[in-house]
Amino acid sequence: MIEIRNLHKSFGDLQVLKGVSMEVKKGEVISVIGASGSGKSTLLYCINGLEPIQGGEIVVDGTDVHAKGTDINQLRQKLGMVFQQYNAFPHLTTLENVALAPRIVKGKSKAEAQEIAKRQLAHVGLGDKLSVYPSKMSGGQQQRLAIARALAMEPTYMLFDEVTSALDPELVGEVLDTLRLLSDDGMTMIIVTHEISFARDVSDRVAYFHEGVIEELGPPSQVIEAPTSARTKAFLSNVR
Amino acid sequence: MRSLPDLIDAGFKTLEVAVEAMILGVIIGLCLALIRLSGRFGITWIATIWVELARNTPALLQLFFFGFGLGAFGINLSPYWIVLCALTFNNAGYLAENFRGGFRAVPDTQMKAARSLGMTATQAYLRIVIPQVLRIVYHPMTNQMVWSVLMSSLGMLVGFHELSGETQFLASKTFRIFEYFAVTAIIYYVIVKLILAASRLISWRLFRY
Amino acid sequence: MLSVAQSVQVFTGFQVSDLWYMAEAAGRTLLISIVSISIGTLLGCVFGWLLSISRWWGVATLGPILDAFRSIPLIIQLILFFNFFPIIGFPLDPFAAGTIVLTFYTAALVANVARAGIEAVPLPMRRAARSLGMTYWQDLRYVVWPIGLRAVLPAWAGVALGVLKDSALVSVLGYVELLRASQILITRTQEPFLVLAISGAFYFLLSFPISRATARLESRWQS
């Protein structure tokens with residue numbers, strides 16, 4: 001379980017997260033929606049320790065992410081993250097991209113790591129692109145590579161930061177399908193997204209962020225279909 | 001043309017000092033770049049001064065410094081060492097700038113992706129960042145290698161018998177200055193072309209993406 | 001017949017007048033550099049333009065010739081050139097010889113830069129210009145020049161600064177520019193460190209304005 005308690009985060013003078021609290025249980029799929037700059041992506045970076053926090057705490061499976069003694073590299077193996085800009089490693093083939101971390105972080109043998117990689121790549125539909133370099137693949141394919149790469153570490157939780165925002169419209173579908181597949185597999189996921197209908201279809205709960213706080217949190221039938229807060233209503237009407 | 005073997009011998013000396021200066025320059029240049037990038041104010045100024053001096057003063061001046069300048073303090077280096085020190089000093093300065101630019105050109109999102117997979121900082125640098133930096137700085141590094149070879153010719157002014165020095169020596173014996181230097185010019189041209197060809201070959205094997 | 005006292009006076013310390021001497025020599029460094037860089041740049045642009053429009057046979061002939069200037073040490077070029085003319089009975093003074101060699105050297109370097117600049121201009125933009133009715137030369141002047149210039153200004157500045165420093169090599173021919181002046185002073189004052197340090201400072205002062213100006217132009221164009 002991921003527990004976030006009263007999280008405060010600032011960039012210099014700019015306060016981005018102003019007391020965020022929520023819980024993510026095993027197997028849950030939570031979508032995070034909201035306007036740009038409302039702090040959604042920053043939340044994810046705080047959860048896996050890529051950004052330091054100024055107040056509150058984040059506890060993943062009993063370990064405080066930002067405590068002094070925490071082995072952050074160990075912890076990150078549990079938290080898979082996929083970014084908006086895919087960030088495929090350009091100098092490695094698809095297979096090498098996915099097999100690298102299991103080998104050097106988890107210490108698996110080369111053969112084992114490649115087995116894992118092949119399995120994950122087949123799962124996301126890239127089984128025939130093993131020796132292709134990322135630069136030769138479309139954005140959608142690179143993003144699926146990034147997902148397979150994160151999955152190869154066998155994480156408990158997956159964090160998705162607006163993974164379809166940088167894609168051409170016709171490529172968005174294949175990535176969303178992959179996300180659906182993962183949620184069917186039972187993966188615990190926090191998905192930051194602009195795709196409201198996708199969020200409604202896939203999530204167990206939806207969190208609407210407004211200016212650094214959670215304005216509304218609940219099942220899609222509430223937050224998206226019948227929001228109680230005026231701000232949520234305003235945001236959704238602008239987006240539809 | 002009986003002197004051709006002597007010239008070719010001297011040509012090897014040129015390559016020797018140029019390659020050594022290049023290797024040392026890469027190592028020192030990398031250190032300088034990392035110091036400047038780390039931003040620890042205590043030591044960045046040393047690196048910055050080195051780089052700015054190396055890049056804004058003539059190579060000949062640097063050569064004279066290691067030759068005559070150190071002489072003022074009683075340090076008299078042999079011609080070979082004067083050339084090696086000067087070339088290394090110069091290379092390190094230019095390469096440091098190239099490396100610094102290379103590091104900044106790799107998006108820091110690469111680092112983020114690597115770290116979020118659980119890699120330590122060291123692993124991320126060695127496996128992900130540095131290979132990409134290498135690709136970016138490869139062409140400038142080749143240019144610097146060519147530069148090293150060309151600059152080594154200044155050794156003739158401090159008495160080092162590399163290719164130019166040897167040519168000067170032989171030419172002054174026979175007074176056929178033009179012929180000797182013309183041959184040497186051709187030898188340099190060939191050496192440079194060989195270096196460029198080798199560099200292209202290596203890059204073709206290293207960077208298949 | 002020098003007395004002991006008089007012979008000792010051959011080595012005098014560094015004086016203020018020496019600073020002027022060096023400044024004057026620095027001026028001559030600047031002179032030879034400005035002449036070579038300006039003419040060399042003009043020539044280089046022409047060569048670069050020729051390279052960009054030529055078929056393979058044009059590039060195959062002009063290319064290697066310009067290459068030669070970049071593949072042979074400058075000092076060798078200077079010595080060759082300087083010793084070539086007496087052979088055909090036409091002695092040149094160091095300033096002229098040095099300037100001519102530096103000019104062609106600059107031109108060869110600028111040719112590459114110019115070619116890169118021309119090729120950096122996206123073809124669609126040039127097509128747009130021509131379809132508006134501009135002539136080939138108008139396209140070059142109003143479209144290629146401004147865009148290409150912004151693309152390669154740092155590279156050109158690098159070449160210019162390089163030539164400024166390489167002008168020191170003309171001292172080999174006997175031209176008394178800054179480095180030669182330094183050597184003369186070192187022999188007289190026996191204070192190599194001081195003289196070289198001041199000389200370095202002069203070179204710095206000469207290069208700095210160019211780097212700063214380039215950086216400022218670049219940032220102005222970014223916005």
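**Contacts between and within the chains of the predicted model**

A salt bridge joins the side chains of D67(C) and K193(B), with 2.5 Å from N to O. The structure described here is a predicted model. Side chains of opposite charge can pair when their charged atoms come close. Across the interface of chain B and chain C, one salt bridge is found.

The two residues of this pair belong to a contact between helices. Helix α8 of chain B, residues 177–206, packs against helix α3 of chain C, residues 56–71, at an angle of about 95 degrees, and the axes are 9 Å apart. This angle makes α8(B) roughly perpendicular to α3(C), because angles of 65 to 115 degrees are counted in that class. On the side of α8(B), the contact is formed by Y188(B), Y189(B), V192(B) and K193(B), which meet P64(C), D67(C), A68(C) and S71(C) in α3(C). By class, the residues of the contact of α8(B) with α3(C) comprise five nonpolar, one polar and two charged.

The interface of chains B and C as a whole involves 33 residues of chain B and 32 residues of chain C. Between them, chain B and chain C bury about 2800 Å², of which 80% is on carbon and sulfur atoms. Of the area that chain B buries against chain C, 22% is supplied by N56(B), F178(B) and Y189(B), more than by any other three residues. Y189(B) is also one of the residues through which α8(B) meets α3(C).

Two pairs of chains touch, and the most contacts are between chains B and C. Chain A meets chain B through a contact that takes 24 residues from chain A and 18 residues from chain B. About 1900 Å² is buried between chain A and chain B, 63% of it on carbon and sulfur atoms. F89(A), H91(A) and I104(A) are the residues of chain A that lose the most area to chain B, and together they account for 28% of what that side buries. Between chain A and chain B the count of salt bridges is zero. Chain A and chain C are joined by no contact, and their closest C-alpha atoms lie 22 Å apart.

Chain B, which is in contact with chain A and with chain C, has eight helices and zero strands. Its C-alpha atoms fill a box of roughly 70 × 45 × 20 Å along the principal axes. Within chain B, R36(B) forms a salt bridge with E97(B), and the closest N and O atoms of the pair are 2.9 Å apart. R36(B) lies in helix α1 (residues 4–38) and E97(B) in helix α4 (residues 79–105), so this pair ties together parts of chain B that are 61 residues apart in sequence. Over all chains, the count comes to 20 salt bridges.

A further helix contact is found within chain C. Helix α5 (residues 94–120) and helix α7 (residues 136–166) of chain C pack at an angle of about 155 degrees, with axes 8 Å apart. The angle makes α5(C) roughly antiparallel to α7(C), and the crossing of α5(C) and α7(C) is right-handed. Residues of α5(C) in this contact include L102(C), Y105(C), L109(C) and V113(C), while those of α7(C) include V144(C), A151(C), W156(C) and V159(C). By class, the contact of α5(C) with α7(C) has 15 nonpolar, three polar and one charged residues.

Conventions: Residues numbered from 1 in each chain as written. Chains lettered and ligands numbered in written order. Heavy atoms only, no water. Axes fitted to C-alpha atoms, helices over the stretch in contact; angles between N-to-C directions. Helix = DSSP H or I, 4+ residues; strand = E, 2+ residues; numbered from the N terminus. Parallel < 35°, antiparallel > 145°, perpendicular 65-115°, else oblique. Left-handed = near helix turned anticlockwise from the far one by under 90°. Contact = heavy atoms within 4.5 Å. Nonpolar A, V, L, I, M, F, W, Y, C, P; charged D, E, K, R; others polar. Buried area = accessible area lost by both parts, 1.4 Å probe. Salt bridge = Lys/Arg side-chain N within 4 Å of Asp/Glu carboxyl O.
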